[in-house]
Amino acid sequence: MSLRGKAAIVAAAEVDTFQSQGRSPVGLMGEATRRALAEVGLHKDDVDGLFTASSYYAMPALTVAEYLGLRPTYIDSTVVGGGSFISHVGHAAAAIEAGLCSVALITYGSTQRSDRGKLTSLAEWSPYEQPYGLIHPISSFGLIAQRHMHEFGTTSEQLAEVAVSARQWALKNPDAPYPTPLSVQDVLSSPMLSTPLHKLDCCLVTDGGAAIVVTSAERARDLTPKPIYVLGVGEAINHRNIVGMPDLTTTAAVDSGKRAFDMAGRGPADMDSAHIYDAFTISLMILLEDLGFVSKGEGGPFVESGAIAPGGSLPVNTNGGGLSYTHPGMLGMFLMTEAVRQLRGDAGDRQVPGARTSVVHGMGLALAAHATAVLSTDVEP
Amino acid sequence: MTDRPTPTPRGEENIYFEEARAHRLAFQQCESCGARVFYPRTVCPVCLSDRLSLRQAAGTGTVHSFTTLHRAGHPGLADRVPYTVVLVDLDEGVRVLADLVVSPEADVPWIGMPVQAVFDEVTPELTLPRFQATAGAR
Ligand SMILES: [Zn+2]
């Protein structure tokens, strides 16, 4: 049995994606949820499936349910880092198909920017790493990037191109915070944090809330003229700490991506847009390789050619991504909301003409957890 | 001055630090499947056997990757920047993370650089393995 086309996203909303004023993390979830449900005229009591992850709340489903007055019959607080919400989409589709819930709310909120200086993280330290003073999680990605350079000749200029492409997309997004272009030189002359990664190789630190609503494909068609079908899902994990990463330059995204594409009956070449976790320039480059958009080691030349920038062959992170739009601790929800926007044709100046099928890929920690979802406006080609 | 971050090992995690106090770099070998395991565990991550025996690494290996921190990852290390953290493939086939002792041989670390473990007695309770470039590494 496959989940292909069994569930659909009917609503997606974002709130305060740079700086919030006077809202708590769960308050941001509440406002995003209110907006998402209003899109399709659902009442909060229609929500019977609750999916959430958080760095703020140890038992986030309880926190959200109490705050919003929800009484879910199915609850999932899977936390595998910032990509958790892509996992939640697969779990929600499975729960809906199994009849365990019918209207699934997936939500996230964070005040990471407002909390600046006291960043919230659930990352418990490995005793074998903590004494050596790594910057979490930047230094782990520094180790990964250094190895990618060694194995494949990837350059700092090529990594910088990822950030430059992200900014070019962000310039088309009126909600993105920095309305000025970025050059490779800007990235290279920003402060070095943990070699070879500069400050501008790293994502923003923002606030933000978001919510999406998933229901059965059948019910979705009654709720909206533009349901976004979940065609394929896959997840995979293979380590926790950088010392346990089996191969610094190839990740379990190879597995999650293949499973999602196989279930969908589509491949990388069929994707009209891609929404891939760019907490760091190197994370996006490696994931482009592991998801099959280029072969291993070819990420550098690929991004250097302008392929992922506006006008390129593969529109990636069209809202500006974590590097230039928003990254409130966990990015996954904002990959989903942008994919939905593209597929609905609601992406304004950055709309990919005729976008019908997109891939969303979330990761957690230093390329440790992976979840891939293939979404489409249509179940059949 | 803020102290450097110190580990809080629990259960079998203590084995590694007990060994380090005796200037031994510990790993395990599974007596059922032969797997070499870092860090000390109660069961083997390859076959789940509980027959794991403690071994002492020679302490020699090569740098698998490195990152040089220009901003301290902890306030207690602020006076050390820039400092370099290395992932080292030990000759016994396990990978370990530690920092690199500054030395003329390692002012520019490189992947593949031969290193050897040294033991830094941070406090009477805590000894940390570190790596330094093997003499003549350049
Ligand atoms: Zn074994």
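**Close-up 1. Contact of helices α4 and α9 of chain A.** In this predicted model, F141(A), I144(A), A145(A) and H148(A) of α4(A) meet I282(A), S283(A), M285(A), I286(A) and E289(A) of α9(A), where contact means heavy atoms within 4.5 Å. Sorted by class, the contact of α4(A) with α9(A) has six nonpolar, two polar and one charged residues (Ala, Val, Leu, Ile, Met, Phe, Trp, Tyr, Cys and Pro count as nonpolar, Asp, Glu, Lys and Arg as charged, and the others, Gly among them, as polar). Helix α4 spans residues 138–152 and helix α9 residues 281–290, and the two pack at an angle of about 55° with their axes 10 Å apart, which makes α4(A) oblique to α9(A). Angles under 35 degrees count as roughly parallel, over 145 as roughly antiparallel, 65 to 115 as roughly perpendicular and the rest as oblique. Helices are DSSP runs of H or I with at least four residues, and strands are runs of E with at least two, numbered from the N terminus.

**Close-up 2. Contact of helices α3 and α12 of chain A.** The axes of helix α3 (residues 84–97) and helix α12 (residues 332–344) of chain A come within 6 Å and cross at roughly 60°, and the two helices are therefore oblique to each other. Here F85(A), I86(A) and V89(A) of α3(A) meet G332(A), M333(A) and M336(A) of α12(A), a contact with five nonpolar, one polar and no charged residues.

**Close-up 3. The zinc site in chain B.** The zinc ion has as its protein donors the SG atoms of C30(B), C33(B), C44(B) and C47(B), which lie 2.3 to 2.4 Å from the ion; donors are N, O and S atoms within 2.8 Å of the metal (3.2 Å for Na, K and Ca). Along the chain, these donors follow the spacing C-x2-C-x10-C-x2-C. The angles among the four donor atoms are 102 to 114°, and the site is tetrahedral, a term for four donors with all angles between 85 and 135 degrees.

**Close-up 4. Two cis peptide bonds.** The peptide bond from H136(A) to P137(A) is cis, with omega near -10°, and P137(A) lies in the loop between β4 (103–110) and α4 of chain A. In chain B, the bond from V81(B) to P82(B) is cis, with omega near -5°, and P82(B) is placed in the loop between β4 (60–69) and β5 (83–90).

**Notes.** Residues are numbered from 1 along each chain as its sequence is written, and chains are lettered from A and ligands numbered from 1 in the order in which they are written. Local features need pLDDT of at least 70 and side-chain atom pairs count only at pLDDT 80 or more, while totals for chains, interfaces and linings use all residues, and side-chain values use heavy atoms, with hydrogens and water left out.

Conventions: Axes fitted to C-alpha atoms, helices over the stretch in contact; angles between N-to-C directions. Tetrahedral: all angles 85-135°; square planar, octahedral: opposite > 155°, others 65-115°.
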